[in-house]
Amino acid sequence: MFFYFFCFVSLSVGVCGYTVQDAPLLVKRPSWLKVCKKTDPKINSCINDMFLQMFPDLAKGIPEINVEHFEPLSLESVSISKGMGPIVLAGSLFDLLVAGPSNSTPVDSEFIQNGKKGNWNFGLDIPLLDIKSRYNLKGQILVLPLLGQGHCEIKLYNILTKVSTNLTFVEKDGRELMHIDSMKVKFRIGGLKVKFENLFNGNKILGQTVNSFINHNGLEIVSELEESISTSLAEIFKKLLNNVFMKIPTDLWYLTDEQYKEYNKENSKNM
Ligand SMILES: *[C@@H]1O[C@H](CO)[C@@H](O)[C@H](O)[C@H]1NC(C)=O
């Protein structure tokens, strides 16, 4: 068995550290995996339900395919560097523990296959992400400087995301798998609350000033950082989903008419 660390770096943002683990393809359909039929006229809502029903198991982890629990989700680091504009920021959050992903609700899935290519677009509503991490940041937030390192807690409330993807249906060991080639994420956020400990080497007054300034101007700050945050979310989601779907062949959840007939036969035998 081998595993590797995922690391994405661009000019504005970097996400590191969701562990992707190699595993054999899933052979038997687990009880939590909902079956859809490719030719179902209501395929969009079937795929949405299939995804929704996976969440409790994703949260706990799926040991038979080496999918680590994602509640809480651990990330090694998310780095930020923004050199221009009202917010200038360099540094990173690291050793992140993110609570809340498993309470996400997928909505409005649109699932399209065109030969070997396809698209899966969906919304993901996340009531709360509670991030506990360490930070090392330096910069300027609108009118105030920010400098420090230590522990921090960041709460993001009511995040509504719109996710769009480009897919390729690939083959491995004679079975079809869905691979997400690229992903874009748009998001809106309802609120933000932060607590950075030990800003300015522990200067309490400056630290409090900066924390309360960020809390009062949270949405404006987030909108300034929108591109970085979108890119980070896309990289994280894409990695999470590929880590799952590249091990669950479509013959277990996205069936041709032929496969669907077999599935029904098996099912009636087991009744
Ligand atoms: C999908 O591919 C098309 C064509 O290459 C591209 O224009 C589009 O931005 C891609 N979408 C995503 C979500 O990556």
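Here are a few questions and answers about this predicted model.

Q: Leaving aside neighbours within four places in sequence, what is Met54 in contact with?
A: Skip its neighbours within four places in sequence, and its contacts are Trp32, Leu33, Val244, Phe245 and Ile248.

Q: Which strands each supply at least two residues of the shell around the ligand?
A: The residues around the ligand are Ser164, Asn166, Ser182 and Lys184. Sorted by class, that shell has no nonpolar, three polar and one charged residues. As for where they come from, at least two each are supplied by strand S8 (144–172) and strand S9 (175–196).

Q: How much of the ligand's accessible area does the protein cover?
A: An oxygen atom of the ligand sits 2.2 Å from a side-chain N or O atom of Asn166, and for Ser182 the distance to a ligand oxygen is 2.6 Å. Lys184 has a polar side-chain atom 2.5 Å from an oxygen atom of the ligand. On its own the ligand has 360 Å² of accessible area, and the protein covers 46%.

Q: Is Ser230 buried or exposed?
A: Ser230 is found in helix H4 (residues 226–245). Beyond its neighbours within four places in sequence, Ser230 is in contact with Val185 and Phe187. Its relative accessible area is 13%, and the cut-off for buried is under 20%, so Ser230 is buried.

Q: Which residue's backbone oxygen does the side chain of Ser230 reach?
A: Val185 and Phe187 are both in contact with Ser230. The Ser230 side chain comes to 3.2 Å from a backbone oxygen, and that oxygen belongs to Val185.

Q: Where is the cis peptide bond from Glu71 to Pro72, and what is its omega?
A: Most residues other than glycine have a negative phi, and most peptide bonds are trans. Pro72 has its place in the loop between helix H1 (43–60) and strand S4 (73–82). The bond from Glu71 to Pro72 is cis, with omega near -10°.

Q: What is the phi of Phe200?
A: Phe200 is found in the loop between S9 and helix H2 (204–216). Phe200 is buried, with a relative accessible area of 18%. Although Phe200 is not a glycine, its phi is positive, at about 45°.

Technical notes:
Residues numbered from 1 in each chain as written. Predicted model: local features only at pLDDT ≥ 70, side-chain atom pairs only at ≥ 80, totals over all residues. Heavy atoms only, no water. Contact = heavy atoms within 4.5 Å. Near = heavy atom within 4 Å. Polar contact = N/O pair within 3.5 Å; in protein donor to acceptor, adjacent residues only side chain to side chain. Areas by Shrake-Rupley, 256 points an atom, 1.4 Å probe, with all protein chains shown as cover. Helix = DSSP H or I, 4+ residues; strand = E, 2+ residues; numbered from the N terminus. Nonpolar A, V, L, I, M, F, W, Y, C, P; charged D, E, K, R; others polar. Buried < 20%, exposed > 50% of the residue type's maximum accessible area, 1.4 Å probe, protein only.
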